[in-house]
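Here is a short briefing for a first look. Please keep the sequence and the 3D view open while reading.

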Amino acid sequence: MQNNNARERTAYPQMMNNREKEKYIENYNFPYCDESAKYEKVAKIGQGTFGEVFKAKDRRNSQKFVAMKKVLMDNEKEGFPITALREIRILQLLKHENVVNLIEICRTKATQSNRYRSTFYLVFEFCEHDLAGLLSNVNVKFSLGEIKKVVQQLLNGLYYIHSNKILHRDMKAANVLITKNGVLKLADFGLARAFSTNKSGVPNRFTNRVVTLWYRPPELLLGERNYGPPVDLWGAGCIMAEMWTRSPIMQGNSEQQQLTLISQLCGSITPQVWPNVDTLELYRTMELPQQQKRKVKERLKPYMKDPYACDLLDKLLVLDPSKRADADTALNHDFFWTDPMPCDLGKMLASHTTSMFEFLAPPRRSTQMRHHSLPRPTTSTVQDGGYIDRVF
Ligand SMILES: Nc1ncnc2c1ncn2[C@@H]1O[C@H](COP(=O)(O)OP(=O)(O)O)[C@@H](O)[C@H]1O
Ligand SMILES: [Mg+2]
């Protein structure tokens, strides 16, 4: 039976008509979820797979800047995307100097013009640069001590998240932020997940379709689903090398080619160097180059020069994940404890007054390293195999 009593209808929302519901939503003050209008967008700084990122100013404090990451709702018929919920839950758990700080979640007002569907934003403390942006700018020059500081902070962040049983699963230079004071923050937990070491003996069955191809470790490329923290340390190794080469060291354009490039740098993938690799799902499906010598140190030495740096990289880019250095072992490496010691980046960054982000940078130039000759930057070359080798 229809209830026509207006007072009763306001008291019991389930009896509101549509217009009343809309008004109710419009005026409702969601607790713990402020309106995004408290920030004023200044510039677009990122366009990821999962949405746009803006630099914005706090309207109540013009000195305070934030980064607002839009939650993409396109694929949602209703409700809040589970992937964004996961990212938020993980970010709420992680509080560390070297992990990006999530301040709050904001929403736009639900109005008739957006058909009563709010847009949600993850609001982060603003960091001036990302590492991909910095590396693509030839005017930004890192000293050895400064590189050590970057890599040390990267490993500190990984040590912390792995201790908290979180895998990042998307390590790459664009997901590493650097504040103007030179503090590094791991960012983009959009693919992150919790893990537990399977004490029960039941192997994990995580998806292996994670990590940007160029930073993807061999175990994922071979179909491993029972993986762990070593996936992030492979990425850390790729990023470490990039501090000198200035462009990603293995730029495959397919999973097959990525495995080929890995084999050419790290040596053939065989059960001799990696026991039981032949039990991985794709071991027989993929073409794995044989008789490849390991050349990590040899090929990176012309760039890195420092023998400690080469040695640490050699321990990160290890094919067998169970033998790859973990964050703790890497942090204890002599690289960080010999002269020049890690040194603050603040001073060097102070000479660069504009923000540097991958999104705003021109496409990064690739370099090619020739064997046994001095490295020099060149543009992409097409190799015999017909594919573009943009590795060094
Ligand atoms: N807190 C922040 N401060 C400054 N820039 C940021 C911040 N968070 C993200 N960005 C920029 O936006 C880009 C995309 O953000 P990210 O979290 O990586 O989202 P996506 O999942 O879309 O890649 C980053 O590569 C970085 O350049
Ligand atoms: Mg990203």
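Predicted model: local features only at pLDDT ≥ 70, side-chain atom pairs only at ≥ 80, totals over all residues.

Residues are numbered from 1 along each chain as its sequence is written, chains are lettered from A and ligands numbered from 1 in the order in which they are written, and side-chain values use heavy atoms, leaving out hydrogens and water.

**The sheet**

- Helices (H or I, at least four residues) and strands (E, at least two) are DSSP runs, numbered from the N terminus.
- Three strands make up an open sheet, in the order S6-S8-S9, with antiparallel pairing.
- Strands S6 (129-130) and S9 (184-186) are at the edges; each has a single partner strand, so one side of each has no neighbour in the sheet.
- Strands count as paired if DSSP finds at least two bridges between them.
- S6 and S8 (residues 176-178) run antiparallel and are joined by two bridges.
- Asp130 has Leu177 in S8 as its bridge partner.
- Helix H5 (residues 144-163) lies across S8 and S9, at about 35° to S9. Axes are lines fitted to C-alpha atoms, for helices over the stretch in contact (heavy atoms within 4.5 Å). Angles run from 0 to 180 degrees between N-to-C directions.

**A nonpolar surface patch**

- Tyr24, Ile25, Tyr28 and Phe30 form a nonpolar patch on the surface. Together they have about 350 Å² of accessible area, by the Shrake-Rupley method with a 1.4 Å probe, where for residues only the protein chains shown count as cover.
- Patch residues have over 30% relative accessible area and no salt bridge; like charges are joined within 9 Å, nonpolar side chains (Val, Leu, Ile, Met, Phe, Trp, Tyr) within 5 Å.
- Tyr24 sits in helix H2 (residues 18-27). Its relative accessibility is 40%, so Tyr24 counts as partly exposed.
- Buried means under 20% relative accessible area, exposed over 50%, and partly exposed in between (1.4 Å probe, protein chains only).

**Salt bridges**

- The structure has 19 salt bridges. Each is a side-chain nitrogen of Lys or Arg within 4 Å of a carboxyl oxygen of Asp or Glu.
- Lys23 and Glu26 form one of them, at 3.8 Å from N to O. They are three residues apart in helix H2, so about one helical turn separates them.
- Lys23 is partly exposed at 38% relative accessibility, whereas Glu26 is buried at 17%.
- Asp34 and Lys38 meet at 2.6 Å, N to O. Asp34 is partly exposed at 34%; Lys38 is buried at 16%.
- Lys38 also bridges to Glu104, with the closest N and O atoms 2.9 Å apart. This pair links distant parts of the chain, 66 residues apart: Glu104 is in strand S4 (residues 102-107), and Lys38 is in the loop between H2 and strand S1 (39-48).
- Glu104 is buried, with 16% relative accessible area. Shared partners join Asp34, Lys38 and Glu104 into one salt-bridge network.

**A covered helix**

- Helix H10 (residues 307-316) is mostly covered, with seven of its ten residues buried.
- Those buried residues include Ala309, Cys310 and Asp311.
- Their cover includes helix H7 (230-245), helix H9 (296-304) and helix H11 (327-331).
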